[in-house]
Structures are given as C-alpha cells and as structure tokens.
Amino acid sequence: MTIMVIGSANMDLIIQVEHIPSPGETILGGQFLTASGGKGANQAVASARLGSDVCFVSCVGEDSFGETLINNYRKDNINIKHIKRSSEPSGVAMIYVAQNGENSIAVAPGANALLIPQDLDKLTAQFAHSDIVLTQLETPIETIMRASELAKSNQCLFVLNPAPVQSLPDNLYPLIDIITPNETEAALLTGIEVTDESSALMAAKVLFNRGVGNVIITMGAQGAFFYDGNTAKLIPTHKVAAIDTTAAGDTFNGALVSALAQNNTLLEAIAFANKAAALSVTKLGAQSSIPYLDEITHSTSHI
C-alpha cells in the first residue's frame, strides 16, 4: 500500500540546555546542531524507514536548507517528485532541548505556507495511486481541507494529526478516518482536560460525535487511548530513559500508518507506533531520532 504524506518541511536549529529558558532569561546552552525536521517530513521519514512506499508532498525554499532537506529525503527512498520549490525561505524551527528531554519550539513556516489547495488539485493521479493520506496542521488549513476531500473521493484512508492544534472546520471532522491528538491537543479541540482513561474517553467521544471514524489520543508515558464508538482501550507504551521528545508524536503517526499499510489491525498498529515512538525519544534530534524497522525488530527484549 502507498502512503501520501502532505505537510511541512523544516530545518531544525537545536540547542541543548539545562532547562527551558523563562521569558527574559538568557542561559548558556550546550551542543548546537542542525537537523531535518517539520511534522510532515518527520512523519514521511518515519513511514519510509519502517518499510512503506511513501510520497511526500510539501513546499521548500530555493535555498541551501531546501536543497539539504530534499537530499535527505532521497536517502530515505521517499518519492520527492511532488515537493514544490519556492522563492520564499524554507521553514525553520528553533528548538531548545532540556536535560530531562522536554523541548520548546518556535517555527517560522516560510515556504510551508505556500502549499495551497491548487497544488493538490494537480496530483489527481497520485491520490488515485495512494491508499493512505496522512497530514498535520503546519500547512494552511484550506490545503488540509482539500486533502481530506481528495482522499475521500479516491477512497483513501485519511489520517489527521491535529498539530500544532487549531480550531478545525466542522465539515472536516466527518472526512477524518483517524485523528491523533495528544492530551493537550485533545483538550483544546474538545474543552475536556485529558489526564487519564476516563477523561480521554470523554474527549474521544466528543471527537467521534463530530463525525471522526476513529480517535487515538496519545498520552505520553501512559500510552495511547483508542476509541471507535464501540471499543475504548488504553494501549500502554514502553518505559525508556527520554533524552529528547522532539519527534515522538511524528514517529508515532508515521509508524501508525506504516503498520496499517502493511495490513495490521488498528490496535496492532497503535502498539507498533508506541514502540517506535519510545525508541525515538532515546536519541537527540527529529529525523535523526526516528528508528528504522530493524531497530524496532531487535528492540523487543529491552523496551
């Protein structure tokens, strides 16, 4: 099965720090590094590294960052023929990573804001060839809406990771086959604070009642909560020593659709995605932390 990932591509500029600086605070950091990032790109890389056939649809600048990003996608055997180039600078993310693994991120969207619905209208053949469409919210909401419409008209499974969270159009929810917010995103979408299974179920029911087919709320160390109108289940994750959580959610989403593309059930796919995400937080960086399939296969005994 073929996965089409539509979304953002950024160059991440990362500083390791003892703690996330408070407003007005200047601190001396540690190591600085650059890494390929962006939620869309991270999820495309995760799916590709886990054995899937992936086409990535995005927009990057005609600059050195854009060239580097595209070259990195080639290394992961991602189909890049539908990546748009723009005179606008490539997207950039400034990331602080604290010693406890938590992070603080600010994003300058740059070229990502120029991925427009008309770009997707040119990809009718690619939609027809795809089985799963995965997207996020770092590109214009009008583009996400068009992606959902084209996915539905081509009988693709449409998966939305609503991050960074924003208000969604009412007519988008019924087009979503799977939605994957974390606790914070679920709370902002539903008005229900998510802290445990009970509150996760309440929030999931709100999203389900808006028309979503399946709800998966990722809950950090607790695991991922699943609800489809009949089954409500918390799938536990694996305990690891976290170094950097930057791409954990993206790894989860990429792994989820990769497992579905390989004919796993949704519950099996969630368990697989939990393992991939757990492995990702044991490494520094976004795409540099995303595991390959053999790493997950060989990790069974120690996570």
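When I say that two residues touch, I mean contact as heavy atoms within 4.5 Å. Please keep in mind that this is a predicted model.

I start with Lys-233. Which residues does Lys-233 touch, not counting residues up to four places away in sequence? They are Ala-224, Phe-225, Phe-226 and Leu-267. Lys-233 itself sits in strand β13, which covers residues 232-235. Leu-267 is 34 residues away from Lys-233 along the chain, and the two C-alpha atoms are separated by 9.0 Å. Is Lys-233 buried, exposed or partly exposed? Its relative accessibility is 41%, so Lys-233 counts as partly exposed.

Next, the aromatic pairs. How many does a search of the whole structure find? The search finds two. One is formed by Phe-56 and Tyr-73, with ring centres 5.4 Å apart and planes at 90 degrees, so this pair is edge-to-face. The cut-off behind that label is an angle over 60 degrees. Phe-56 belongs to strand β4, residues 53-61, and Tyr-73 to helix α2, residues 64-75; the pair therefore ties together parts that are 17 residues apart in sequence. Phe-56 has 0% relative accessibility and counts as buried. Tyr-73 also comes out at 0% and counts as buried.

The other pair is Phe-208 with Tyr-227, again edge-to-face, at 5.5 Å centre to centre and with 75 degrees between the planes. Here, too, distant parts of the chain are linked: Phe-208 is in helix α7, residues 197-209, and Tyr-227 is in strand β12, residues 224-227, 19 residues apart. What about accessibility in this pair? Phe-208 has a relative accessible area of 27% and is partly exposed, whereas Tyr-227, at 9%, is buried. The limit for buried is under 20%.

Last, the cores. The largest nonpolar core has 45 residues. Those with the most contacts inside this core are Phe-56, Tyr-73, Ile-78, Ile-216, Leu-256, Leu-266 and Ile-270. What does Ile-78 touch, leaving out residues up to four places away in sequence? Its contacts are Ala-44, Val-45, Ala-48, Val-54, Phe-56 and Tyr-73. There is also a second, separate core of 42 residues, which includes Phe-127, Leu-150, Leu-175 and Ile-179.

That is all I have.

Key: Residues are numbered from 1 along each chain as its sequence is written. This is a predicted model: local features need pLDDT of at least 70, side-chain atom pairs count only at pLDDT 80 or more; totals for chains, interfaces and linings use all residues. Side-chain values use heavy atoms; hydrogens and water are left out. A nonpolar core is a set of buried Ala, Val, Leu, Ile, Met, Phe, Trp, Tyr and Cys residues joined through side-chain atoms within 4.5 Å. Buried means under 20% relative accessible area, exposed over 50%, partly exposed in between (1.4 Å probe, protein chains only). Helices (H or I, at least four residues) and strands (E, at least two) are DSSP runs, numbered from the N terminus. Rings of Phe, Tyr and Trp (its six-membered ring) pair if their centres lie within 6.5 Å; planes under 30 degrees apart count as stacked, over 60 as edge-to-face and the rest as tilted.
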